[in-house]
Amino acid sequence: MASILACVAVIFTIQLFAGGVAIALKTEKFYDLVGSLTYIVIVTFSFTGFLQANHRDLFANGAVLLCRLYLGAFLFARVLMHGGDRRFDKVKHEPLRFLFFWFMQGVWVFVTLLPLLFINTSRRRVAVGILDYLGLVLFLVGIVFEVMADMQKLIFRSNSSNADKFISSGLWSLSRHPNYFGEIVIWIGIYLMSLPVLRGWQHLALISPVFTAWLLIQLSGIPILERMADKKWGEMPNYQQYRDNTALLIPYVW
């Protein structure tokens, strides 16, 4: 069982090494893949082991492994399919700015993993209860939402006749960003699983789902995609109708 400080050291060592390679090669193709692999390394590094694990340990660690294995594979395949990631078209030629993105990925991994790190490093053995099962249900809802949304969009984009169209079917008829909704719900679920073992300052683990929501809603996710959509389809009446009548994130709510 590793300490939290040791996990922090491993997280940023991975980002520094991978970032150095990416800067030297001027490539962003393995950025998201390294992020997902970092989660997997830290889960493995901090896990108590099967002999000491209870259902909470298995639920929470299994949840993180599952969602990061999926997301890493999906994003890496998408980058290879598209030949790159346009988010990095400019910054990958500016070493310091590019390194900052790798540093921020380390921050993302650490902050979102806080609930799991507290579970894995806790010496308190608390019986599994309703919060654990509620967290597991929310995680399952989130991962199903995210995977279905990604697959629906992938299938839509793979049809050449949809090249200049926006998707408004399936889960995308309920939310303009259903994959992000799923991602946020995933981390709420993992946080709920950690609640029974948290004490005192460890309740800072709440920052995990809050940070995820803030980042996707206010900073790097939805604002960028909404601006791109408005630029591409904003003058089209059918897109205006879709935008005005479809929830931004939470189906039927907001």
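Reader: D85: buried or partly exposed?
Author: Buried, since its relative accessibility is 12% and the cut-off for buried is under 20%. Keep in mind that this is a predicted model.

Reader: Which residue does D85 form a salt bridge with?
Author: D85 pairs with R87, and their closest N and O atoms are 2.6 Å apart.

Reader: And R87, is that one buried or partly exposed?
Author: R87 counts as partly exposed, at 45% relative accessibility.

Reader: What else is linked with D85 and R87 in a network?
Author: D32 is. D32, D85 and R87 make up a network of salt bridges.

Reader: How many salt bridges are there in the whole structure?
Author: A search of the whole structure gives 10. One of them joins R243 to D230, with the closest N and O atoms 3.0 Å apart.

Reader: Which helices does that pair tie together?
Author: R243 is in helix α9 and D230 is in helix α8, residues 222-233, so the bridge ties together parts that are 13 residues apart in sequence. Both ends are partly exposed: R243 has a relative accessible area of 24%, and D230 has 34%.

Reader: What about R97, which residue is its partner?
Author: E94, with the closest N and O atoms 3.3 Å apart. R97 is partly exposed at 43% relative accessibility, and E94 is partly exposed at 32%.

Reader: Changing topic. Which residues gather in the patch of positive charge?
Author: R78, R86, K153, R157 and K232 gather there, on the surface.

Reader: Where is K153 found?
Author: In helix α5, which covers residues 130-158. K153 is partly exposed, with a relative accessible area of 30%.

Reader: Which residues make the nonpolar surface patch?
Author: I250, Y252, V253 and W254 make it, and the patch is about 490 Å². I250 lies in the segment after α9 (237-245) and is partly exposed, with a relative accessible area of 31%.

Reader: Now I186. Buried or exposed?
Author: Buried, because its relative accessibility is 0%. I186 is in helix α6, residues 178-194.

Reader: What does I186 touch, leaving out residues up to four places away in sequence?
Author: C67, F139, G142, I143 and E146.

Reader: How far apart are I186 and G135 in space?
Author: 8.6 Å, C-alpha to C-alpha, while in sequence I186 and G135 are 51 residues apart.

Terms used: Residues numbered from 1 in each chain as written. Predicted model: local features only at pLDDT ≥ 70, side-chain atom pairs only at ≥ 80, totals over all residues. Heavy atoms only, no water. Patch = residues over 30% accessible without salt bridge, like charges linked within 9 Å, V, L, I, M, F, W, Y side chains within 5 Å. Areas by Shrake-Rupley, 256 points an atom, 1.4 Å probe, with all protein chains shown as cover. Salt bridge = Lys/Arg side-chain N within 4 Å of Asp/Glu carboxyl O. Lys, Arg positive; Asp, Glu negative; His and termini not counted. Charge placed at Lys NZ, Arg CZ, Asp CG, Glu CD. Helix = DSSP H or I, 4+ residues; strand = E, 2+ residues; numbered from the N terminus. Buried < 20%, exposed > 50% of the residue type's maximum accessible area, 1.4 Å probe, protein only. Contact = heavy atoms within 4.5 Å.
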